[in-house]
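Reader: I am new to this structure and would like to learn how to read its features. Could you take me through some of them?

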Amino acid sequence: MRRAPPLIIGGGPAGAAAAIGLARAGLRPLLIERNPEAQDALCGGFLSWTTVRRLIDLGVDPVSLGAHRVGALALFSGRHGAEARLPAPAVALSRRVLDEALRARARAAGAAIETGIGVRALAEGRVRLVDGGEIHPPCTILATGKHDLRGVARPRPDGDAAVGLRWRLGASRALATLLSDRVELHLFRGGYAGLVIQEDGRANLCLAVRRSRLSEVDGGPDRLLQAVAEESPALGLRLAAATLGRAQAVANVPYGWRACAGPANLYRIGDQAGVIPSLAGEGIAIALCSGLAAADAIARGELAERFQRSFSRRSSVPIALAGWLWRAAETPTAARQLVRAVASAPALGYLVSRLTRI
């Protein structure tokens, strides 16, 4: 059995931020990650203006990494559309590039990072590894994102749960002209789609859709996307402008869930602390904020339970508001009213963008 300093499970933005925070506090955390190299995780890749500032504070400048600049939000529901400027410039960057940069900063700050190490379960403070080994750290930071860990899994969502889907669209001049400096939300019955160009010119297309809507079609995610494009002419136009990659999926996403308590010495961060509906574009910000907050709590000797309650309160308003918007977005009548409201008063889009920040 290995003994270790503060242990971080997961090398995404949340885990890397926690590692940087702990290292800057004079501790030497150990971060373990199951993948040998950074992956292009199923993620929208949108970094809000608040996220950009936090990344710069961590020593990572997304613009220097080639991030695509985003200045506006476009909303579509059926044949209706609206656009609003964002409160400040945002960017879009693939998770592979972002995760590599954050891990490099964590190493430079003094954190130990070991990749290619899978974790099987966590029980009674002991971390059981896939290879049969164990680590018994003084405290554990759980940063496994949307993937649950045996022994500390989040509750499964009740009822008609959401499924996350992602495609990459090939770079093309026509697609670049259509998207320009915008992040787009295409609202449809049973879900919504987010679309934005990233640093390599390709576009990231992510859907959050109810299982019931997915089960309506034969042929799986690709057939669903075709059906949605028939309902949403603007999305269909964009799909026709570029080649479509293979679909990725993650099931039972517990949008709206927040961790309020848990086992002693277990600090949940990122999607393991709270899952904001992705149409808010604030998932990476929650990852960074919760990672830094956990690092600060550990450095000050704050118990995990107190940290979890505090972060739950801090994230409650953005997550609740994003949940309300999600429910409106997937209901055609409410979605059309939302788009019309933003079209007639673009400042409303600006206000909502601000209120869903953490």
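This is a predicted model: local features need pLDDT of at least 70, side-chain atom pairs count only at pLDDT 80 or more; totals for chains, interfaces and linings use all residues.

Reader: How many residues does the largest nonpolar core have, and which have the most contacts inside it?

Author: In soluble globular proteins, nonpolar side chains tend to be buried together. A nonpolar core is a set of buried Ala, Val, Leu, Ile, Met, Phe, Trp, Tyr and Cys residues joined through side-chain atoms within 4.5 Å, where buried means under 20% relative accessible area, exposed over 50%, and partly exposed in between, with a 1.4 Å probe and protein chains only. Here the largest core has 50 residues, and Leu102 and Tyr267 have the most contacts inside it. The helix α8 (283-299) is among the elements that each supply at least two residues of this core, and α8 gives the most, with 11 residues. Helices (H or I, at least four residues) and strands (E, at least two) are DSSP runs, numbered from the N terminus.

Reader: Which residues does Leu102 touch, not counting residues up to four places away in sequence?

Author: Contact means heavy atoms within 4.5 Å. On that reading Leu102 touches Pro13, Ala16, Ile20, Leu55, Leu58, Val60 and Leu288. Apart from this core lies another, of 32 residues, among them Phe46, Ala90, Ala208 and Leu325.

Reader: Why does Arg357 count as buried?

Author: Arg357 lies in the segment after α11 (346-355), and it counts as buried because its relative accessibility is 12%. A polar contact is a pair of N or O atoms within 3.5 Å; within protein, one must be able to donate a hydrogen and the other to accept it, and residues adjacent in sequence count only if both atoms are side-chain atoms. The side chain of Arg357 reaches the backbone oxygen of Ala280 at 2.6 Å, and a polar contact of 2.9 Å joins the side chains of Arg357 and Thr356.

Reader: What is the volume of the largest cavity, and which residues line it?

Author: On a 1 Å grid over the protein atoms alone, a cavity is a set of points where a 1.4 Å probe fits but cannot get out, and a pocket is an open set with protein on both sides within 12 Å along at least five of seven lines; lining residues have an atom within 4 Å of a point. Grid points are joined across faces, edges and corners, and a volume is the space filled by probe spheres set on the points. The structure holds 1 cavity of 30 Å³ or more, and the largest cavity has a volume of about 40 Å³. Its lining consists of Ala261, Gly262, Pro263, Leu266, Arg268, Ala304, Glu305 and Gln308, with the largest share, 3 residues, coming from α9.

Reader: What is the volume of the second largest pocket?

Author: The second largest pocket has a volume of about 190 Å³, and Asn252 is one of the residues that line it.

Reader: What is the phi of Asn252?

Author: Most residues other than glycine have a negative phi, and most peptide bonds are trans. The phi of Asn252 is near 55°, a positive value in a residue other than glycine. Asn252 is in strand β16 (residues 248-253) and is buried, with a relative accessible area of 18%.

Notes. Residues are numbered from 1 along each chain as its sequence is written. Side-chain values use heavy atoms; hydrogens and water are left out.
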